[in-house]
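Reader: I have a model open and would like to know what stands behind the words used for it. Can we go through them one at a time?

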Amino acid sequence: MSEQQAFRSGYVAIIGRPNVGKSTLINRVLGLKLCITSRRPQTTRHRILGIKTTETSQLIYVDTPGIHSDGKRAMNRYMNRAAAASVEDVDVVVFVIEGMKWTEEDERVLNKLRQDSSKPVILAMNKIDKLEDKATLLPQVEKLADKFNFAAIVPLSARRGINIESLEESIYALMPEGEMIFDEDQLTDRSSRFLAAEMVREKLFRHLGQELPYALTVDIEQFEDDDGMYRISAVIYVERSGQKSIVIGKKGELLKQVGKDAREDMEKLFGCKVFLQLWVKVREGWSDNERMLRSLGYNDDL
Ligand SMILES: Nc1nc2c(ncn2[C@@H]2O[C@H](COP(=O)(O)OP(=O)(O)OP(=O)(O)O)[C@@H](O)[C@H]2O)c(=O)[nH]1
Ligand SMILES: [Mg+2]
């Protein structure tokens with residue numbers, strides 16, 4: 001630690017509507033792929049911590065499900081609760097929006113933040129790599145500054161890694177002095193088992209068509225360290241038998257591809273060989289049944 005700078009630590013909630021790039025941003029800040037991402041909205045379902053420890057700070061980033069207005073299904077209510085709870089005990093909030101866009105859903109998220117005005121909020125304008133006319137940026141920043149007393153407004157690109165240090169500096173400046181909260185080499189609060197299930201879910205989100213990703217979840221049945229190689233067996237639960245054959249694909253091709261991609265990600269993250277087996281099972285109505293949700297790991301105490 002440098003002599004002039006006191007050590008700082010605390011929690012940073014990353015919030016925003018679905019698909020603005022919250023999980024991509026956390027991965028970029030951490031410099032590794034911890035959180036799953038996809039081009040579909042509502043990819044993240046659970047709160048997950050990404051911990052970054054440096055010489056001068058330990059910043060704990062909280063990835064949250066996108067806040068959205070459809071609270072009809074039990075799963076959607078669970079996701080909104082997880083997002084809302086994440087803001088409660090943090091030191092700084094990073095509110096992510098998509099570039100120059102400002103939607104009704106963004107307004108709804110901001111209204112939630114207005115209800116608890118005690119926390120500093122940084123506005124991150126993500127995906128500025130897509131911005132065609134740079135001259136439009138400044139007027140938009142000024143317009144957004146009128147909406148709320150943001151601690152900072154940072155245009156950035158999570159995918160391309162533009163202006164990320166500037167965001168990190170703004171966060172650091174708002175953090176209280178404090179000791180390390182987690183071990184210095186700890187990267188997340190989640191188990192390898194949880195991360196393995198997420199990797200499989202991400203590949204299903206990426207390989208499947210429009211609706212199906214929302215009808216499935218992944219449960220790890222076996223996770224064993226076999227002399228330095230992880231033996232993992234995962235069950236993909238779908239809601240109807242017709243969905244099962246789609247997930248498996250012609251001659252099992254789709255499932256094979258999902259398994260290969262997920263295994264490669266796991267090997268990178270865990271740093272060891274992985275033997276992955278996938279099964280597909282039907283569990284009718286799992287996503288709209290509170291009890292089944294809990295049995296599949298969607299618990300409010302997370
Ligand atoms: N062009 C561009 N795309 C980005 C950027 N950041 C994220 N994306 C893309 O936006 C999509 C959504 O990214 P996610 O990180 O999954 O978004 P999220 O906000 O976590 O979404 P939910 O978990 O569904 O709420 C993905 O296809 C990302 O690759 C960026 O800086 N530029
Ligand atoms: Mg996400």
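Reader: Where does Lys-127 lie?

Author: In this predicted model, Lys-127 lies in the loop between strand S5 (121-126) and helix H4 (137-145).

Reader: Why is Lys-127 called partly exposed?

Author: Its relative accessible area is 21%. Buried means under 20% and exposed means over 50%, with partly exposed in between. The value of 21% falls in between, so Lys-127 is partly exposed.

Reader: What makes the phi of Lys-127 worth a remark?

Author: Lys-127 has a positive phi of about 65°, although it is not a glycine. Most residues other than glycine have a negative phi.

Reader: Which place does Lys-251 have, and what is its phi near?

Author: Lys-251 is in the loop between H7 and H8. Its phi is near 55°, again a positive value in a residue other than glycine.

Reader: How do you know whether Lys-251 is buried or exposed?

Author: The relative accessible area of Lys-251 is 84%. Exposed means over 50%, so Lys-251 counts as exposed.

Reader: What does the pair tie together?

Author: Ser-23 lies in helix H1 (residues 22-30) and Thr-44 in the loop between H1 and strand S2 (48-53), so the pair ties together parts that are 21 residues apart in sequence.

Reader: Why are Ser-23 and Thr-44 called buried?

Author: Ser-23 has a relative accessible area of 7%, and Thr-44 is at 9%. Buried means under 20%, so the word applies to Ser-23 and to Thr-44.

Reader: What makes H1 mostly covered?

Author: Seven of the nine residues of H1 are buried, among them Leu-25, Ile-26 and Val-29. The buried residues pack against strand S1 (8-15), S2, strand S3 (57-63), strand S4 (92-98) and helix H5 (164-174).

Note on methods
Residues are numbered from 1 along each chain as its sequence is written. Chains are lettered from A and ligands numbered from 1 in the order in which they are written. This is a predicted model: local features need pLDDT of at least 70, side-chain atom pairs count only at pLDDT 80 or more; totals for chains, interfaces and linings use all residues. Side-chain values use heavy atoms; hydrogens and water are left out. Helices (H or I, at least four residues) and strands (E, at least two) are DSSP runs, numbered from the N terminus. Buried means under 20% relative accessible area, exposed over 50%, partly exposed in between (1.4 Å probe, protein chains only). Contact means heavy atoms within 4.5 Å.
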